[in-house]
Amino acid sequence: MHKDTPHTPRSTAAALLPLVGGPANVTSVAHCMTRLRLVLADRTRVDDAALRALPGVLGVVEDGESYQVVLGPGVVGRVTEAFEALLATDGVGGTPAADAPAAPADAPAGPVTGPAGTADALARRGAELRARQKRRNATPLKTALRRVANIFVPLIPALIGCGIVAGIAGLLTNLERLPGITPALIALSSAFMALIAVFVGHNTAKEFGGTPVLGGAVAAVVVYPGVAEVTAFGTALAPGQGGVLGALAAALLGTRVEKWCRARLPGTLDVLLTPTLTVLVSGLVTLYVLMYAAGEVATAIGTAADWLLTTTGALAGLVLGGLFLPLVMLGLHQALIPIHTTLIEQQGHTVLLPILAMAGAGQVGAAAAVYVRLRHDTTLRTTIRSALPAGLLGVGEPLIYGVSLPLGRPFLTACVGGAAGGAFTGLFAMLGTDVGATAIGPSGWALFPLLAGGGGWAVTAGVYGGGLLTGYLVGFAATYFFGLGDGTARAVCDAGEHEPRPADRPGPRPASPR
């Protein structure tokens, strides 16, 4: 299986490029926390089976117009950099580099029977489900949500870094240690959040076809201290009012103004007038309309989140934790990114992310139950064993698309586990112990360093850990007892397109191949 073959970011990128159709087939490259996101000219040129079998690849996801290769946190950034370098030089020319990790020699090339049949067929079924979901996701609303995600996802590394520094600063403050360095840590962790509107404006203009620096310039007015001298609707504005929502709206308007000017002004005037009119028109509208309106919306979001958890915490946690995986499947989870960012801006943390993270805990519990129940299926058990560490760290795609979703019922019982974990966390919010995250992106165990709450880190971590444990246990129990009945066993057998294995038939068993 080539387990001893070393794979570096460059070798992984070199192996990936020909499998997605070569340099000419790649029109766009980006990445998020765990996935290399590609826009391809011709989807049919992708070798899905060989790509999934590639060492280092945790899974494959199709979401609308992008083809996404799951590589895991940390790794994906380095592989993306190497992938872009290869594209810039056409370095592989359609042939894997010599040091590229080879796909397993025994990787299935077609219909497979025997022990590998089930896992291979489940992978094909997962691909069919993804293709079906891609067709459903091709709607204007979901396209807009994906574009919003493209604006905020590049900000996640900075949010994580600043969030961890803020956690360290808070811990030192509570322990009354290192008073000389604590103010410096607070400044480091707060600076990005103070200017996040500028970055949102920059990315918005870039995503919608404007000049990025003009988008940042227009959005910068949202956080400029001098806006306190401006009055809108009879009320003096406050620096940062409207936050990322105001910056998003301002840059979007600025992009529209810029495009309108460029389409109508001659080249000699375009250089001077287009930037001036873009900043002037969209800036004035931002000051006198958008900041006030976005501020009201942002305040409403914070108030609603607080009310939801303090009043209906257990029920809200049950619903959010149980429905998050279906939201991901529908592509609607991307609408939550601006909400998380707004809550972090307002309150220092988002109380929604830890509850939504319980969906991953239910997924891990369900996968563990499948592993225990289907002892005869060594290939499926190998898939689960390799994907579980990533699942514990919040990377759930390999388990979702490789195990629970193709099997059907385990996906539903995983949602039950997520609902139970969400209800546990929401219950403590009702009792006055809120659990929040100072950044978005990480989940599972990886979220512990980013936790924050009114009861201190230790109490907050205890509640969050209790929620994860509840999700694991309920997801396991629900799947073990209700998610793998005779119908599922038959479906597994049918998915493998083979008769029961010799080991399952009565009579003497053949010797195991060495």
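**Exercise 1. Describe the overall make-up of the protein chain.**

Solution. Among contacts (heavy atoms within 4.5 Å) in the protein chain between residues at least 6 apart in sequence, 73% join residues at least 24 apart. The model is predicted, and local features need pLDDT of at least 70, side-chain atom pairs count only at pLDDT 80 or more, while totals for chains, interfaces and linings use all residues. Residues are numbered from 1 along each chain as its sequence is written, and side-chain values use heavy atoms, with hydrogens and water left out.

Next, consider the secondary structure. The protein chain has 19 helices and 8 strands; these are DSSP runs numbered from the N terminus, helices being H or I with at least four residues and strands E with at least two.

Finally, consider burial. Of the 514 residues in the protein chain, 47% are buried. Buried means under 20% relative accessible area, exposed means over 50%, and partly exposed lies in between (1.4 Å probe, protein chains only).

**Exercise 2. State how many cavities of 30 Å³ or more the structure holds, and describe the lining of the largest cavity.**

Solution. Rolling a probe the size of a water molecule over the atoms shows where empty space is left. On a 1 Å grid over the protein atoms alone, a cavity is a set of points where a 1.4 Å probe fits but cannot get out, and lining residues have an atom within 4 Å of a point. Grid points are joined across faces, edges and corners, and a volume is the space filled by probe spheres set on the points.

Step 1: the structure holds 3 cavities of 30 Å³ or more. The volume of the largest cavity is about 40 Å³.

Step 2: the lining of the largest cavity consists of A357, G360, A361, V364, G391, L392, G394, S443, G444, L468 and Y472. Two or more residues of this lining come from each of α14 (358–373), α15 (378–392) and α18 (457–483). The most is given by α14, with 3 residues.

Step 3: sorted by class, the lining has 6 nonpolar, 5 polar and no charged residues. Here Ala, Val, Leu, Ile, Met, Phe, Trp, Tyr, Cys and Pro count as nonpolar, Asp, Glu, Lys and Arg as charged, and the others, Gly among them, as polar.

**Exercise 3. Classify the aromatic pairs F192 with F199 and Y480 with F481.**

Solution. Rings of Phe, Tyr and Trp (its six-membered ring) pair if their centres lie within 6.5 Å; planes under 30 degrees apart count as stacked, over 60 as edge-to-face and the rest as tilted.

Step 1: the structure holds 6 aromatic pairs. In one of them, the rings of F192 and F199 have centres 5.2 Å apart and planes at 40°, so this pair is tilted. F192 is buried, at 12% relative accessible area, whereas F199 is partly exposed, at 38%.

Step 2: the ring centres of Y480 and F481 lie 5.2 Å apart with planes at 75°, so this pair is edge-to-face. Y480 is partly exposed, at 28% relative accessible area, whereas F481 is exposed, at 61%. Together, F476, Y480 and F481 form one aromatic cluster.

**Exercise 4. Identify the arginines that lie over the faces of Y480 and Y371.**

Solution. A charge sits over a ring if NZ of Lys or CZ of Arg is within 6 Å of the ring centre and within 35 degrees of the ring normal. R373 lies over the face of Y480, at 5.3 Å from the ring centre. R381 lies over the face of Y371, at 3.9 Å from the ring centre.

How values were computed
On a 1 Å grid over the protein atoms alone, a cavity is a set of points where a 1.4 Å probe fits but cannot get out, and a pocket is an open set with protein on both sides within 12 Å along at least five of seven lines; lining residues have an atom within 4 Å of a point.
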